[in-house]
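Open your viewer and get ready to select a few residues. We will go from stop to stop, and at each one you will hear what is there.

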Amino acid sequence: MKKVTLDQESPVCSIARSLEIVGERWTFLILREALSGSTRFGQFNDALEISTDLLSNRLATLVKAGIMNKRPYHEPGHRSRYEYHLTPAGEELRIVLGALQQWGDRYCAPATGPSAQRRSRSTGAQLDVAFTDENGRAVALDDVTFVAV
């Protein structure tokens, strides 16, 4: 597994270090689209209506951080371009986006309700994001603490 390398000036806290890479609104929305199957610049641009300069910058950050990789493709009659695919590190951010969605559904959903649901691909069952112990059992939020090491 490739580890993301930040400079020596970066904070020690893993949350702060992670936010240096993904802590910008557009980055999360790009990841949302990638997790939904978008791979091409135009797909991201159409879905998000983001400026091309900003989209280019955010994609470059995700590639540099090892969250996405670039793969060339070529359509007949057009110049070579790149697709952007999630790496295992990027796929793992599905948990973070799922947790944000779950929180948003609970505390700031529109009156019409959530726009999407988290479901199992294999069973179709609705899913919740949760902390689990080493045996895979869910742990109540009031039983979770962050302990400095």
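Start with G124, which sits in the loop between α5 (88-107) and β3 (131-132). Keep in mind as you look around that this is a predicted model. G124 is partly exposed, because its relative accessibility is 31%, between the 20% and 50% cut-offs.

**Into the core**

Next, select V22, L31, F44, I67 and M68. In the largest nonpolar core, which has 22 residues, these five touch the most other members. Which elements each supply at least two residues of this core? Colour α1 (14-22), α2 (25-35), α3 (41-48), α4 (52-64), β2 (81-86) and α5 to see them. The largest share comes from α2, with seven residues.

Stay with F44 and show its surroundings. Leaving aside residues up to four places away in sequence, F44 touches I30, E33, A34, S38, T39, E49, L55, L59, M68 and Y84.

**Over to the charged pairs**

Side chains of opposite charge can pair when their charged atoms come close. How many salt bridges does a search of the whole structure find? The search finds eight, and we will visit some of them.

Select R40 and E75, whose side chains meet in a salt bridge at 2.6 Å, N to O. R40 belongs to the loop between α2 and α3, and E75 to the loop between β1 (68-73) and β2, so this pair ties together parts that are 35 residues apart in sequence. Buried or exposed, or in between? R40 is partly exposed, with a relative accessible area of 24%, and E75 is also partly exposed, at 35%.

Because E83 is in strand β2 while R40 is in the loop between α2 and α3, the pair ties together parts 43 residues apart in sequence. E83 counts as buried, at 16% relative accessibility.

For the last pair, return to the loop between α5 and β3 and select R118 and D128, which both lie there. Their side chains meet in a salt bridge at 3.8 Å, N to O, and the pair ties together parts that are 10 residues apart in sequence. R118 is buried, with a relative accessible area of 15%, whereas D128 is exposed, at 59%.

Finally, show R40, E75 and E83 together: salt bridges that share partners join them into one network.

Technical notes: Residues numbered from 1 in each chain as written. Predicted model: local features only at pLDDT ≥ 70, side-chain atom pairs only at ≥ 80, totals over all residues. Heavy atoms only, no water. Helix = DSSP H or I, 4+ residues; strand = E, 2+ residues; numbered from the N terminus. Buried < 20%, exposed > 50% of the residue type's maximum accessible area, 1.4 Å probe, protein only. Core = buried A, V, L, I, M, F, W, Y, C linked by side-chain atoms within 4.5 Å. Contact = heavy atoms within 4.5 Å. Salt bridge = Lys/Arg side-chain N within 4 Å of Asp/Glu carboxyl O.
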